[in-house]
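Student: I would like to learn how to read contacts, ring pairs and helix ends from a set of coordinates. Could we go through them one by one?

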Amino acid sequence: MDLTHPPAEERFRAELRAWLTENIPAAWTEPGFWAGVGEAEGFDLRRDWERRKALAGFAGIDWPVEYGGRGGTPGMRAIYDQETQLARAPRSVNTLGLAFLAPTVMAVGTPEQKRDILGPMLRNEVIWCQGFSEPGAGSDLAALRTSGVLDGDEYVVNGQKVWTTFANRGDKIFTLVRTEPGSRRHHGISLLLIDMHAPGVEVRPIRQMSGVSEFGEVFLTDVRVAASECLGGIGNGWATAMLLLSFERGASGISQYTGFRRSYDEIVRVARALGRDTDPVLRQELGRRMVELECLRYHSMHVLTQVEQGRDLGAESSITKLQWSETYQDLFETFDALLGADVALTHPTADLDLTTLRQESFWTRSVTIWGGSSQVQRTIVAERVLGLPRGS
């Protein structure tokens, strides 16, 4: 494991840090700012900021130059993840496209798909959302029932997707559809690319307990999709989806560690403000959380080293997803224990604003479910990494 970066990567860090300092307004970094501007305005601000970031050459850090990226190293991407967190840069509005769909398109897309998808995505001209989960197919994704029936050179798609992030903001959706009538489980599935503004597409926002409506339900009624709008080949959707999910689960975790460590420091600050910093039980809990965070950091550097050496992590990527999600959830369980009944308040004292931490606490309840639940990740690690026998 290499914990250092070469001089060229450190020069990139200095360049990026200077640009972030100049281009992130101080108001954006204040606690509660994004909660106060409203969802629509906040989305538009973040979308425009990402567009400007791309034009300045600070997007697609590790993308090949021919696709509009910087052609950087995995180490430069790790530095980017770290520095944007430290600078409190706005969250991406196109993560599902940039982090997961883009590398899949680069790997298995047609020349036309690479040309038409990657550039507009990088510049935030097209926002992508993901249509995998259904009411009866969450962690058991192979149970999906959304169907596509071939009619000439188009598929007529009917079905429902749920828990679709940015469904009400998305321009297009990459979604799993059963294109082979009568097929079961992993067979007969294709990954189709659908225009969210096409006739027959209906979005219903889902309001979360934090008050935001980041998720939505997507209803597809006789939506016509050109057969050419398939990524990875008709009937090969399951393999394409697993490739895509490997990018989701296989990130090094450096970005997560940096963000979680900042949240940890904020929780410690709250403990001091409430006079709880001398509580021996709380101090022991915070000590445990720090150990978990540092384990995540070293694991993240281990993964980065493996990636830099050209190793395909495969099923081992589930370890990273499992580790960061459990660490994050544990951290905010400690936050909940610190506040007790006051966790329901945004201002437990006049000078203490917990709006951001409360929303983060609500969000952490979901991280061990989406992207493959912790139970699913443990099964993958047990069977495909450790080689343990399947349970009876």
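Student: Leaving aside neighbours within four places in sequence, which residues is K114 in contact with?

Tutor: Contact means heavy atoms within 4.5 Å, and by that criterion K114, once its neighbours within four places in sequence are set aside, touches Y67, V105, M106 and G109. Please keep in mind that this is a predicted model, in which local features need pLDDT of at least 70 and side-chain atom pairs count only at pLDDT 80 or more, while totals for chains, interfaces and linings use all residues. Residues are numbered from 1 along each chain as its sequence is written, and side-chain values use heavy atoms, with hydrogens and water left out.

Student: Where does K114 lie, and how far is a polar atom of its side chain from the backbone oxygen of M106?

Tutor: K114 belongs to helix α6 (residues 111–122), where helices (H or I, at least four residues) and strands (E, at least two) are DSSP runs numbered from the N terminus. The backbone oxygen of M106 lies 3.4 Å from a polar atom of the K114 side chain. K114 has a relative accessible area of 22% and is therefore partly exposed, given that buried means under 20%, exposed over 50% and partly exposed in between (1.4 Å probe, protein chains only).

Student: How is a pair of aromatic rings described, and how many does a search of the whole structure find?

Tutor: A pair of aromatic rings is described by the distance of the centres and the angle of the planes. Rings of Phe, Tyr and Trp (its six-membered ring) pair if their centres lie within 6.5 Å, and planes under 30 degrees apart count as stacked, over 60 as edge-to-face and the rest as tilted. The search of the whole structure finds 14 aromatic pairs, among them the edge-to-face pair of F33 and W34, at 5.0 Å centre to centre with 85 degrees between the planes. For W163 and F215 the centres are 5.9 Å apart and the planes at 75 degrees, so this pair is edge-to-face. Because W163 lies in the loop between β3 (154–161) and β4 (172–178) and F215 in strand β7 (residues 215–226), the pair ties together parts that are 52 residues apart in sequence.

Methods: A polar contact is a pair of N or O atoms within 3.5 Å; within protein, one must be able to donate a hydrogen and the other to accept it, and residues adjacent in sequence count only if both atoms are side-chain atoms.
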